[in-house]
Amino acid sequence: PKDLPCREAEFNEIYEFLKLNVQNRQGAVMYVSGDTGTGKTATVSKVIRKIKQDFAKTNSKFKLHTMLINAMKLSTPEEAFSKLHQ
């Protein structure tokens with residue numbers, strides 16, 4: 001969805017976290033959890049689109065590669081590493 005009502009605080013917190021780490025070219029992990037259907041994926045996806053737009057404006061060579069792993073679909077935590085490798 002274009003708008004995420006009542007998710008502004010979450011959007012801003014995730015945005016600032018990712019922005020800082022992208023600017024510093026460092027890896028980081030943020031754990032996002034909540035009940036099904038509360039807008040976690042939509043919020044994170046919107047943040048990533050905004051980060052890509054913002055950084056592309058200032059650096060034409062900027063390329064951010066992202067990957068979404070739904071941990072609920074994994075059998076074990078270790079499976080995340082094989083998904084990343086793929």
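**View 1. Phenylalanine 11 and tyrosine 15 lie four residues apart in helix H1, about one turn of the helix.** Helices (H or I, at least four residues) are DSSP runs, numbered from the N terminus. The model is predicted: local features need pLDDT of at least 70, side-chain atom pairs count only at pLDDT 80 or more, and totals for chains, interfaces and linings use all residues. Residues are numbered from 1 along each chain as its sequence is written, and side-chain values use heavy atoms, with hydrogens and water left out. The structure holds one aromatic pair. In this pair, phenylalanine 11 and tyrosine 15 are stacked, 6.0 Å centre to centre with 10° between the planes. Rings of Phe, Tyr and Trp (its six-membered ring) pair if their centres lie within 6.5 Å, and planes under 30 degrees apart count as stacked. Phenylalanine 11 counts as buried because its relative accessibility is 14%, and tyrosine 15 counts as buried at 10%. Buried means under 20% relative accessible area, exposed over 50%, and partly exposed in between (1.4 Å probe, protein chains only).

**View 2. The charged end of lysine 46 sits over the ring of phenylalanine 11.** It is 5.7 Å from the ring centre. The criterion is NZ of Lys or CZ of Arg within 6 Å of the ring centre and within 35 degrees of the ring normal.

**View 3. Alanine 28 is in the loop between helix H1 (8-23) and helix H2 (40-58).** Alanine 28 counts as partly exposed because its relative accessibility is 43%. Leaving aside neighbours within four places in sequence, alanine 28 is in contact (heavy atoms within 4.5 Å) with Phe17 and Asn21. Phenylalanine 17 is 11 residues from alanine 28 in sequence and 8.8 Å away in space, C-alpha to C-alpha.

**View 4. The largest pocket has a volume of about 1700 Å³.** A pocket is an open set of points on a 1 Å grid over the protein atoms alone, where a 1.4 Å probe fits, with protein on both sides within 12 Å along at least five of seven lines; lining residues have an atom within 4 Å of a point. Volume is the space filled by probe spheres set on the points, which are joined across faces, edges and corners. The lining of the largest pocket has 46 residues, of which Met30, Val44, Met67, Leu68 and Ile69 lie nearest its centre. H1, H2 and helix H3 (79-85) are the elements that give two or more residues to this lining. H2 provides the largest share, seven residues.

Methods: Phe/Tyr/Trp six-rings, centres within 6.5 Å; stacked < 30°, edge-to-face > 60°.
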